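Me: I would like to learn how to read a protein model. Could we go through one feature at a time?

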Amino acid sequence: LGDVYKRQVLKGTKAKSVQVNGSLRAHNATINVFTVNGLAELQQTKVTGAANINGMINAQNTTFQGLIRLISNNAKFENCHTKNIFVANSKIKPQELHFSNSHIQGNIKFGGDGGEVYLCKGSAITGKVIGGKVIESC
């Protein structure tokens with residue numbers, strides 16, 4: 001991966017590889033691959049490769065074209081398009097994924113059990129939820 005940052009802000013830029021131990025804020029950016037150990041906040045961003053998040057993610061108007069790997073108990077996606085999502089097992093339960101006006105084209109797989117997927121306001125998944133349950137009343 002590229003350079004490691006404690007806090008990284010990407011605005012209107014393109015990045016091949018980003019690794020952050022802290023927080024990542026991306027707005028109107030294109031990122032190939034990224035790893036965040038901390039908070040990831042993405043707005044109007046396109047992720048063309050894998051996204052690895054060990055912490056919280058808050059994504060708005062963002063497209064993920066590769067696998068999303070999460071170690072998180074809370075993730076929020078609003079007006080997003082994603083492919084497959086893998087949520088690694090965490091000691092903190094329940095592990096919640098919140099989607100609002102978002103489309104998941106693939107599977108959501110939880111490494112343990114007890115995962116919860118909230119599909120709100122027009123959200124849909126074309127694949128399966130494995131190791132968790134779908135909650136549509138939100």
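This is a predicted model: local features need pLDDT of at least 70, side-chain atom pairs count only at pLDDT 80 or more; totals for chains, interfaces and linings use all residues.

Reply: Residues are numbered from 1 along each chain as its sequence is written, and side-chain values use heavy atoms, with hydrogens and water left out.

Me: How many residues of strand E15 are buried?

Reply: Buried means under 20% relative accessible area, exposed over 50%, and partly exposed in between (1.4 Å probe, protein chains only). Strands (E, at least two residues) are DSSP runs numbered from the N terminus. In strand E15, residues 115-120, six of the six residues are buried, so the strand is largely enclosed by the rest of the structure. Gly115, Val117 and Leu119 point one way, and Glu116, Tyr118 and Cys120 point the other way.

Me: Which strands are joined to E15 by bridges?

Reply: Two strands pair if DSSP finds at least two bridges between them. Strand E12 (residues 95-100) runs parallel to E15 and is joined to it by six bridges; there, His98 has Tyr118 as its bridge partner. Strand E18 (residues 132-135) is also parallel to E15, with four bridges, and Gly132 in E18 stands opposite Gly115.

Me: Which residues have the most contacts inside the largest nonpolar core?

Reply: A nonpolar core is a set of buried Ala, Val, Leu, Ile, Met, Phe, Trp, Tyr and Cys residues joined through side-chain atoms within 4.5 Å. The largest one here has 33 residues, and Phe34, Ile57 and Leu97 have the most contacts inside it. Contact means heavy atoms within 4.5 Å. Leaving aside residues up to four places away in sequence, Leu97 touches several residues, including Val117 and Tyr118.

Me: What is the volume of the largest pocket?

Reply: Rolling a probe the size of a water molecule over the atoms shows where empty space is left. On a 1 Å grid over the protein atoms alone, a pocket is an open set of points where a 1.4 Å probe fits, with protein on both sides within 12 Å along at least five of seven lines; lining residues have an atom within 4 Å of a point. Grid points are joined across faces, edges and corners, and a volume is the space filled by probe spheres set on the points. The largest pocket has a volume of about 190 Å³. Among its lining residues are Arg25, His27 and Glu41.

Me: Where is Ile92 found?

Reply: Ile92 is in the loop between strand E11 (85-87) and E12. Ile92 is partly exposed, with a relative accessible area of 47%. Ile92 and Asn73 are 19 residues apart in sequence and 6.3 Å apart in space, C-alpha to C-alpha.

Me: Which residues does Asn74 touch?

Reply: Asn74, in strand E9 (residues 74-78), touches Met56, Ile57, Glu96 and His98, not counting residues up to four places away in sequence.
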